[in-house]
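Reader: I would like to learn how to read packed helices and paired strands. Could you take me through them slowly?

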Amino acid sequence: MPNATQSASAGQMPDADGQPNAPDASAGASARPAVAARVKIHARDVNVHYGDKHALKHVDLDVNEHDVTALIGPSGCGKSTFLRCMNRMNDVIDNCQVTGSITLDGTDVYDPSLDVVQLRARVGMVFQKPNPFPKSIYENVAYGPRIHGIARGKSELDEIVHRSLTRAGLLKEVSDRLNEPGTGLSGGQQQRLCIARAIAVNPEVILMDEPCSALDPIATAKIEELIDELRENYTIVIVTHSMQQAARVSQRTAFFHLGDLVEVGDTEQIFTNPKDNRTQGYITGRFG
Ligand code: ADP
């Protein structure tokens with residue numbers, strides 16, 4: 001694989017949930033069987049260095065199609081680093097070197113001839129802090145389809161914008177003010193606008209890096225509900241510092257510690273019957 005270059009902030013959140021006990025995985029979405037178990041993203045022996053820092057060590061992970069996969073673990077364990085490997089966002093981080101193999105439906109994500117812009121349309125991303133463009137609500141969603149030439153005309157673009165806002169659970173709240181600035185929405189609405197923006201370019205996978213960490217509990221609940229709905233059409237990978245959130249929204253959970261992928265399995269199994277002592281220690285609040 002080529003070295004990734006440039007810089008971006010890791011922007012990590014504190015990890016402690018302050019929750020002494022493991023969450024009740026049986027109560028959440030994870031209790032339902034996954035829709036399908038076809039592997040969408042296949043990662044093998046992935047190593048990431050930031051200069052001398054070995055941030056991810058020999059990670060093997062399969063992401064199943066139409067599952068929500070949660071990446072959990074203490075702050076600094078490599079969750080966001082791994083998330084960014086999947087759509088080559090680490091390419092924009094200075095001194096970051098990625099090795100190993102990651103395929104998306106069999107296509108090598110790190111093939112030098114791959115169009116990274118196209119890759120990031122297939123594997124979209126939603127960040128911690130909602131980051132709408134300083135444009136109207138309509139233009140925020142229309143931007144991607146325009147630059148990718150997805151819509152053939154105004155009516156098709158309108159249709160995409162409406163469909164994306166509907167899927168992001170936002171249309172009803174904004175239908176009368178599509179020409180007003182996206183930045184004027186509440187935090188939770190802005191995050192759903194960012195999800196609509198990601199959806200508008202027909203992604204197959206949506207990567208979410210602590211998408212609720214800047215939101216209040218009500219806005220968080222809406223995003224969590226939305227994540228569960230979205231998995232019908234998309235494959236979702238979410239980094240979360242909240243074990244309760246992982247239990248509520250995911251079907252599979254991967255636990256990282258000090259750059260190692262310690263354990264991955266069905267969310268219910270990870271939270272009720274972890275195989276590794278480090279996982280057990282983390283979910284019972286002994287460290288984190
Ligand atoms: P997490 O998401 O689990 O909190 P990260 O993936 O952000 O962890 O970070 C993993 C490790 O890599 C940490 O030790 C962090 O300090 C380091 N790291 C992350 N981003 C950078 C960067 N841009 N430059 C140098 N080190 C980094």
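This is a predicted model: local features need pLDDT of at least 70, side-chain atom pairs count only at pLDDT 80 or more; totals for chains, interfaces and linings use all residues.

Reader: How are two packed helices described?

Author: Two packed helices are described by the angle between their axes and the distance between the axes. Here the axes of helix 6 (residues 187–199) and helix 7 (residues 217–230) come within 9 Å and cross at roughly 20°. Helix 6 is therefore roughly parallel to helix 7, a term for angles under 35 degrees. Axes are lines fitted to C-alpha atoms, for helices over the stretch in contact, and angles run from 0 to 180 degrees between N-to-C directions. Helices (H or I, at least four residues) and strands (E, at least two) are DSSP runs, numbered from the N terminus.

Reader: Which residues in helix 6 meet helix 7?

Author: Gly187, Gly188, Gln191, Arg192 and Ile195 do, facing Ala219, Lys222, Ile223 and Leu226 in helix 7, where contact requires C-beta atoms, placed from the backbone, to lie within 7 Å.

Reader: How many bridges join strand 1 to strand 4?

Author: Strands pair if DSSP finds at least two bridges between them. Strand 1 (residues 39–50) and strand 4 (residues 96–104) run antiparallel and are joined by eight bridges, and Val48 has Val98 in strand 4 as its bridge partner. Strand 4 also pairs with strand 5 (residues 107–108), in the antiparallel sense, over two bridges.

Key:
Residues are numbered from 1 along each chain as its sequence is written. Angles under 35 degrees count as roughly parallel, over 145 as roughly antiparallel, 65 to 115 as roughly perpendicular and the rest as oblique. Two residues are in contact if their C-beta atoms, placed from the backbone, lie within 7 Å.
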